Amino acid sequence: MSVQASPTLFMASASAAVAALSDVITFKRVARLGEDALRRPTGSEMWARAVHLCLRAAARGRRGFTSKADPQGSGRVTGELIQHLERLSLVDFGSQEAVARLEKAIAFADRLRAVNTDGVEPMESVLEDRCLYLRSDNVVEGNCAEELLQNSHRVVEEYFVAPPGNISWSKLDEKQPFPHH
Amino acid sequence: MVKDGCAHVKPAAATDLSVFLLVTWSLWWQTGHEDHVGPDPPRSESNCLLRVQEVSVALKQGQVTPTELCQRCLSLIKKTKFLNAYITVSEEVALKQAEEAEKRYKKGHSLGDLDGIPIAVKDNFSTSGIETTCASNMLKGYVPPYNATVVQKLLDQGALLMGKTNLDEFAMGSGSTDGIFGPVKNPWSYSKQYREKRKQNSHSENEDSNWLITGGSSGGSAAAVSAFTCFAALGSDTGGSTRNPAAHCGVVGLKPSYGLVSRHGLIPLVNSMDVPGILTRCVDDAATVLGILAGHDPKDSTTIQDPVKPFTLPSLTDVSKLCIGIPKEYLTPELSSEVHSLWSKAANLFESEGAKVIEVSLPHTSYSIVCYHVLCTSEVASNMARFDGLEYGHRCDSSVSTEAMYAATRREGFNDVVRGRILSGNFFLLKENYENYFVKAQKVRRLIANDFVNVFNSGVDVLLTPTTLSEAVPYTEFIKEDNRTRSAQDDIFTQAVNMAGLPAVSVPMALSTQGLPIGLQFIGRAFCDQQLLTVAKWFEKQVQFPVIQLQELMDDCSSVFENEKLASVSLK
C-alpha cells in the first residue's frame with residue numbers, strides 16, 4: 001500500500017525515532033514505540049509520509065480501488081484516502097465492496113449535519129457530573145510474567161519478540177494483493 | 001407468576017429431572033391449561049425449577065443436588081448442540097464447581113441464591129483458564145489469565161459456569177450470525193408453538209432450512225437461557241445487544257445503568273456505552289443477578305461509588321401512581337403491525353389498571369442511530385488497535401517489520417464487519433473530519449441524553465417502547481442485507497438508551513401470529529434499576545408469557561414419556 005521509499009529519506013526520519021537499527025530482536029517497548037508512532041505520528045514521520053505520498057503519485061494508477069467507479073459514491077473516498085486509512089488502521093479494505101460500504105457509512109453519517117448543535121457541548125461520558133476516582137498507588141497484584149508470556153506466540157526468555165520496527169510498511173515489498181475474504 | 005409448567009420434584013429424586021420438566025409441561029399444554037396459575041404457590045407444595053429462586057430453595061432443601069442440576073444442564077447442552085449457542089462448554093470446571101457447591105449445601109453453608117446454579121457467559125468476557133475468543137480469529141486460542149469482575153462475582157457466589165456462549169464477532173452485529181463459529185439458531189425455530197403455526201400455513205419445506213436468527217449480538221446467551229441449558233447468562237449491551245436477542249428468544253434481557261456494573265474483563269467495544277447485560281427467564285432472576293453484580297469496582301473507574309445492596313423486588317399491586325411515557329417518535333413506518341398492536345395493548349393495560357399513560361416526545365430520535373454509528377465506529381477503531389498479535393491472540397507468520405506483521409495479523413484476524421468499522425471509525429477521527437463527525441456526534445449525543453432527562457423530569461417514571469421492529473426473521477432473510485444495514489435497522493429502539501446510559505429491560509409479552517416471541521422494552525431513570533424492574537415484574541405477571549415447548553427434546557424423551565405419565569399426573 002505505501003510507498004517504495006527512498007532509503008535515504010526514510011532512514012533520516014527513522015533514525016530520529018528509533019534507537020536500534022540493526023537488531024533483529026527488539027525490546028517490546030521499541031515495538032510499542034512503533035505502535036505509538038503509528039497512532040500519533042511525529043513531525044518527521046508525517047513529513048516523510050507526505051514525501052512518500054508524492055513519490056507514490058506515479059504508482060497510484062496501479063491501485064484499483066477508488067470510489068470513482070462506484071455509482072453511489074460521492075467521490076470522497078479517493079485512492080489517497082484509502083491508502084491513508086489503511087496506513088492508520090493497519091487493516092485493509094480488501095475489496096471494492098468494502099470501499100462502497102465506507103461510502104455508504106459516510107453518507108449515513110452526513111445526516112448529522114441537519115442537527116443544530118449551536119452552543120451544545122460535546123458529551124464524552126454519561127457520568128460527566130460525577131468524579132472518577134483513581135485507585136491508590138499500591139501494588140496489590142502482579143508477578144505473573146510467566147502467565148502473561150504464555151499467551152504470546154513468540155517469546156524469548158522474558159521478552160515478547162517483535163520484528164524490526166524501523167521499516168516502513170510497504171505492500172509492494174510483500175507483493176501481496178488484497179485477499180478477498 | 002409467569003405461566004409456566006412447574007416441575008413437581010419428588011423428594012426421592014428417583015426419576016430423570018429433565019424428563020420430568022418436559023413431561024409435565026407437555027401434559028399441562030395438552031390439557032389446555034389456559035388459566036394462569038395464580039399467585040406464587042406456597043413453597044412447600046410445588047417447586048418450579050425454571051427460576052433461580054425456586055431452584056435455590058430446592059437445593060437448600062436437598063430435593064435436588066448441584067451435581068444433578070449440572071448434569072441435566074450439560075445433557076441439555078449436548079441435546080441442543082445444533083443451536084450452536086455455546087462456543088466452549090466448560091464441563092469439567094462446572095462439575096468441579098458443582099461438587100464444591102454440594103459440599104457447602106450438605107454443611108448448610110450455601111453462599112447465596114446463586115450457589116450451585118448453572119450460568120453461561122458470553123464469550124467476550126474474560127474467563128481465567130477458559131478460552132475467550134469473541135468469536136474471532138484474532139483471539140482464537142486466547143486463554144485469559146484473569147476473570148472479568150462480573151464473572152468473578154458470579155463464581156464467588158457459587159454459580160456453575162456451563163460455558164462461553166456464541167456471539168457476533170467482537171459483539172458487532174444484530175443477529176449473532178457473523179462469528180467464526182457460525183450463526184446461532186433461535187430455539188423457537190424448533191418450538192411446538194412455531195411449528196404448529198407453520199403446519200397450519202402448510203409450509204412443507206424442510207423444517208430445518210428456514211430456522212430463525214436469535215438476534216444479537218448476545219444470541220448465544222439468549223438461546224442458552226431460552227433452551228433451559230442454564231438459569232441465567234451474561235451478555236453485553238452496547239446498542240441493544242442484550243435486549244434484542246432477549247426479545248427474539250422470549251427471555252428477559254436487562255441492560256443496567258451505565259456505571260452500575262463493572263466492565264473490567266469485558267472486552268471493550270465502545271467504552272462509553274458498553275454494559276454487561278443479564279439474560280434470565282424472569283424478572284426476579286434478573287434482579288437477583290443484578291444485586292450480585294452491581295457495585296463499585298476499583299478496577300473499573302467508570303463504576304459509581306454509591307453503595308449498592310442486593311434487593312428483592314416488591315410485588316406491585318397498585319400502579320395508579322405510575323406514569324408511563326410512550327415516545328411518539330418510536331412509532332416508525334418500519335414497525336411491524338403486530339409489534340405495534342402489542343405495544344398499544346400494553347399501554348392500554350397500564351391505563352386500565354390506573355396508571356397514567358402519556359405520549360412524550362424524544363425529538364432527536366431520528367438522529368440517534370446516526371450518532372450511534374459515528375461514535376461506535378470511532379471508539380471501535382480505537383479499541384481494536386490493541387490487537388496486534390504481539391502479546392496475545394493471533395499472530396501472522398510474516399516477520400518483515402512490525403507494521404507489516406500488525407497489518408497481516410489484523411487482516412487475518414478480523415472479519416469484514418470489524419475491519420469495516422475500524423476503517424469507518426478512523427475516517428471519522430481524521431483531523432479534517434474530527435469536528436464535523438466525531439465532535440458533532442458527541443454534541444448530538446448530549447441532545448439525545450437531554451431528551452430523556454427532560455422526559456423524566458416531566459414526571460414520567462418509565463418509558464414503554466418496542467424492543468425490535470418485528471419477531472425473529474429467518475436466517476436466509478436476514479443475510480440479504482449487510483451487517484451495518486441490519487444493525488442500523490435493528491438497533492433503532494435500543495441504542496438511544498446506551499447513549500444516555502439509562503437502564504432498560506426487554507420483557508417478553510406475547511407470541512406473534514406465527515408463534516414467535518415479541519418483547520417490549522421498559523426504560524428507566526439512571527440508577528433507578530430497582531424501580532424499573534419492579535414495573536417490569538408487574539407487567540410480566542399481567543401478560544403471562546407462555547413457556548417454550550421444545551419439540552426436539554421431547555421427541556428424544558418420548559420413550560420415557562409413557563412410563564412417567566402416571567407418576568407426574570399423580571403429583572398434580
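**Rings, charges and chain A**

Visitor: Which residue lies over the face of B:Phe231?
Guide: A charge sits over a ring if NZ of Lys or CZ of Arg is within 6 Å of the ring centre and within 35 degrees of the ring normal. Here the distance from the ring centre is 5.0 Å. The residue over B:Phe231 is B:Arg281.

Visitor: What should I know about the model and its numbering?
Guide: This is a predicted model: local features need pLDDT of at least 70, side-chain atom pairs count only at pLDDT 80 or more, and totals for chains, interfaces and linings use all residues. Side-chain values use heavy atoms, with hydrogens and water left out, chains are lettered from A and ligands numbered from 1 in the order in which they are written, and residues are numbered along each chain's sequence from 1.

Visitor: Which ring lies under B:Arg484?
Guide: This arginine is in chain B, and the ring belongs to chain A. The ring centre is 5.4 Å away. The ring is that of A:Phe108.

Visitor: How many aromatic pairs does the whole structure hold?
Guide: Rings of Phe, Tyr and Trp (its six-membered ring) pair if their centres lie within 6.5 Å. The search covers all chains. The count is 17.

Visitor: Is the pair of B:Phe170 and B:Phe387 stacked, edge-to-face or tilted?
Guide: Planes under 30 degrees apart count as stacked, over 60 as edge-to-face and the rest as tilted. The ring centres are 5.0 Å apart. The planes meet at 50 degrees, so the pair is tilted.

Visitor: How many residues separate B:Phe170 and B:Phe387?
Guide: B:Phe170 sits in the loop between strand E3 and helix H6 of chain B.

Visitor: Is B:Phe387 buried or exposed?
Guide: Buried means under 20% relative accessible area, exposed over 50%, partly exposed in between (1.4 Å probe, protein chains only). The value for B:Phe387 is 4%, so this residue is buried.

Visitor: What kind of pair do B:Trp211 and B:Tyr475 form?
Guide: Their centres are 4.6 Å apart. The angle between the planes is 15 degrees. The pair is stacked.

Visitor: How many helices and strands does chain A have?
Guide: From the N terminus, the elements run α-α-α-α-α-α-β-β-α. The totals are seven helices and two strands.

Notes:
Helices (H or I, at least four residues) and strands (E, at least two) are DSSP runs, numbered from the N terminus.
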